[in-house]
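Colleague: Before I use these terms in my notes, I would like to know what stands behind each one. Could we go through them one at a time?

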Protein chains: 2
Amino acid sequence: MEMRAPRIIDVARIAGVSTATVSRALSKPETVAETTRISVLAAAEQTGYRVNHAARNLRRQRTGAIVVLVPNLGNPFFSEILAGIEVMLSRADLNMLVVDTGQAHAKPDLMSEYLHNTRADGIIALDGWLPDSVLASVRDSNASPPIVFACEWTADPSFASVRADNEGGARLAIAHLKALGHSKIGILSGPPDNVLTMARGTGARDAMLGGGIPVRDDFMFDGDFTLDSGVMAAHAWLDLPDRPTAVFCASDQMAFGFISELARSGISVPRSVSVVGFDDIDIAGRYIPALTTVRQPRAGLGTSAARMLLDRLAAPEGGLPTEHLMLDVELIVRDSTGAAPSG
Amino acid sequence: MEMRAPRIIDVARIAGVSTATVSRALSKPETVAETTRISVLAAAEQTGYRVNHAARNLRRQRTGAIVVLVPNLGNPFFSEILAGIEVMLSRADLNMLVVDTGQAHAKPDLMSEYLHNTRADGIIALDGWLPDSVLASVRDSNASPPIVFACEWTADPSFASVRADNEGGARLAIAHLKALGHSKIGILSGPPDNVLTMARGTGARDAMLGGGIPVRDDFMFDGDFTLDSGVMAAHAWLDLPDRPTAVFCASDQMAFGFISELARSGISVPRSVSVVGFDDIDIAGRYIPALTTVRQPRAGLGTSAARMLLDRLAAPEGGLPTEHLMLDVELIVRDSTGAAPSG
DNA sequence: ATTGCGCCTGCAATCGATTACATCAAGGTT
DNA sequence: AACCTTGATGTAATCGATTGCAGGCGCAAT
């Protein structure tokens, strides 16, 4: 009793109309007479008709999907952004196609494959670090769908983007530490070539210079946003003859690695050293000590990026100017920061 | 200078062959003469030809995509499973289409839409809690693609599944606490109707009964896997006149909420109470104290589910028996558990 | 009664790739 | 020389929905 899926023509036959009318009744109901619409909908209901997306997309010259490039799907930081994107896209009846660029970086061919317009109607990149060859093909080819960078971005300003105010966030963090009396402040940064690292570093240095706090090379720790790099930084801190009394970490993950490793050496936060993170991931408020950090509007980054992309899709060919949206961040003061030791 | 994307016929013209030959040269190279193949590939390269997936899928009667249903995209626990799935799927040249069922639960129509075979060639559900109406339509309709449950599953054994040994994990946790001398053990469980809650609860109770440890109603705490519910449980624990000396939490998140809230009341883990978690999420090893927990093979759950689904896609119509794969878990002993107080 | 206008509907082309079947050439067999 | 086999290629139908265009109908204005 194998039964093929009903097609539009089956519905048409039952409703006693042509396929054209069925199509219109379903997608542009106001263009059909009331009575026909009712009988078509009834017939569709009766047969359990579902449109064949491949056929529709072929005819309409679109794909019905948006590709989201994620640097590392395993990183919880991105999942909430994804959630934000998904909400917006499903509302617009677009599918969200997720690609882990960590996997795909090895194969740039595969990547440009995804960026081609037979694959997706648009692209949201959470990864600012796309290979140049890929970026070039996106910019030059008219076969590439619109692209929006979210969270991270590229040096090239011709790509639209949504980002958090990373520089401002770093300034807030430093100002907070300064207000607590700290004058020996260290910075644990992300990967050197990363745009977020640079923005946060710039903001932090600006604030320190502006606040009369020395920027010392021996207080600069190199990390890569991961827990482990926070652990490494803790060892570096421990090895210093003259230690900073506060450390601004460019990610919460690194802050956790840093604090936990210090704890193992009996160093207590914030008593011996104050720590500020960046991101405000879920667990931050429930770490011990609860982490003082800069909150990024993660869901907001996702929804804004999706909205921006939808606008560009709706706009007539090349109609919209390149847009850069910056979302505010917020300093969340908790228990990992305290007054500088008076000594 | 608007230029349309090249089509197969453009390649054919340049190579001086028919579209049929181009198609064959690209997808079944061995059926085409060496020389033709070379000139076709050259022509494809020259024009920058990419197949139109809508057209291919229409003709081949498939969609080239797998839908993954995620209960809550914002939850980091799922992101690593997604990563595992993505690796497998991209290897098979299938797209991964992610849907947040938390969003979609409100609209069951939308959900069954996704489960229909014009949308996807297969389904991986990380959500065992699909509405009955949806499940029924999946089971009954022959328009539904194969489905595999990963991580969570349904009461109905007719659906294939991949799961961690939740019962065994819970037994390990209890055995560990017993070995440390605990005889007053509490359980902080997940949402009551959840299959994971039941499996872990069963395992824990079994182990306690088998080990001669009383299962006391006043030591049962209700949670829902979230941080906040761990916090609530901490209050419940504090309110008890007679308190368990160890608590087995059905998720790491709850364990963190529990421990952090106790810490705010000056109760120390593991000195005053031992805590075991479940999942071993990234931060677990770097919490303070580092969390003793049951490790689930998250990436493994994803890759196994994807592999199982791919097998079913490759198999001839209804050729494969329903399969249930159980992956081992592992107890990771860290610092949140210690000997029971001798008093 | 004629004309004109709007509203609804149907006809048929179209989107681009795949593939069953037909064709054709070359080489081997008897 | 007639016939068969094998391998390579072309022809054309096909997947299912959408949509430009044209036609038909009813109603109102002249």
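Modeller: What follows takes a few terms in turn, and the model they are applied to is a predicted one.

Colleague: What makes I8(A) a residue near DNA strand D?

Modeller: A residue is near a strand if one of its heavy atoms lies within 4 Å of it. DNA strand D has 28 residues around it, and I8(A) is among the closest, together with Y49(A), R59(A), T21(B) and T36(B). I8(A) therefore counts as near DNA strand D.

Colleague: Why is the pair formed by I8(A) and DNA strand D called a polar contact?

Modeller: The cut-off is 3.5 Å between N or O atoms. A polar backbone atom of I8(A) is 2.4 Å from a phosphate oxygen of DNA strand D, so the pair qualifies. Helix 2 (19–27) and helix 4 (53–60), in chain A and in chain B, each give two or more residues to the surface near DNA strand D.

Colleague: How do you know that A55(B) makes a polar contact with DNA strand C?

Modeller: A polar backbone atom of A55(B) is 3.4 Å from a base nitrogen of DNA strand C, which is within 3.5 Å, so the pair counts. Phosphate oxygens of DNA strand C also take part: one lies 2.8 Å from a polar side-chain atom of S23(B), and one lies 3.0 Å from a backbone N or O atom of A33(A).

Colleague: Which part of DNA strand C supplies the atoms within 4 Å of the protein?

Modeller: Sugar or phosphate accounts for 63% of those atoms, and bases for the rest.

Colleague: What makes the 5000 Å² between chain B and chain A a buried area?

Modeller: Buried area is the accessible area that two parts lose on being put together, summed over both. Chain B and chain A bury about 5000 Å² between them, so that value covers both chains. Of this area, 53% is on carbon and sulfur atoms. R50(B), R286(B) and I288(B) supply 15% of what chain B buries against chain A, more than any other three residues.

Definitions and conventions. Residues are numbered from 1 along each chain as its sequence is written. Chains are lettered from A and ligands numbered from 1 in the order in which they are written. This is a predicted model: local features need pLDDT of at least 70, side-chain atom pairs count only at pLDDT 80 or more; totals for chains, interfaces and linings use all residues. Side-chain values use heavy atoms; hydrogens and water are left out. A polar contact is a pair of N or O atoms within 3.5 Å; within protein, one must be able to donate a hydrogen and the other to accept it, and residues adjacent in sequence count only if both atoms are side-chain atoms. Helices (H or I, at least four residues) and strands (E, at least two) are DSSP runs, numbered from the N terminus. Buried area is the accessible area (1.4 Å probe) that two parts lose on being put together, summed over both.
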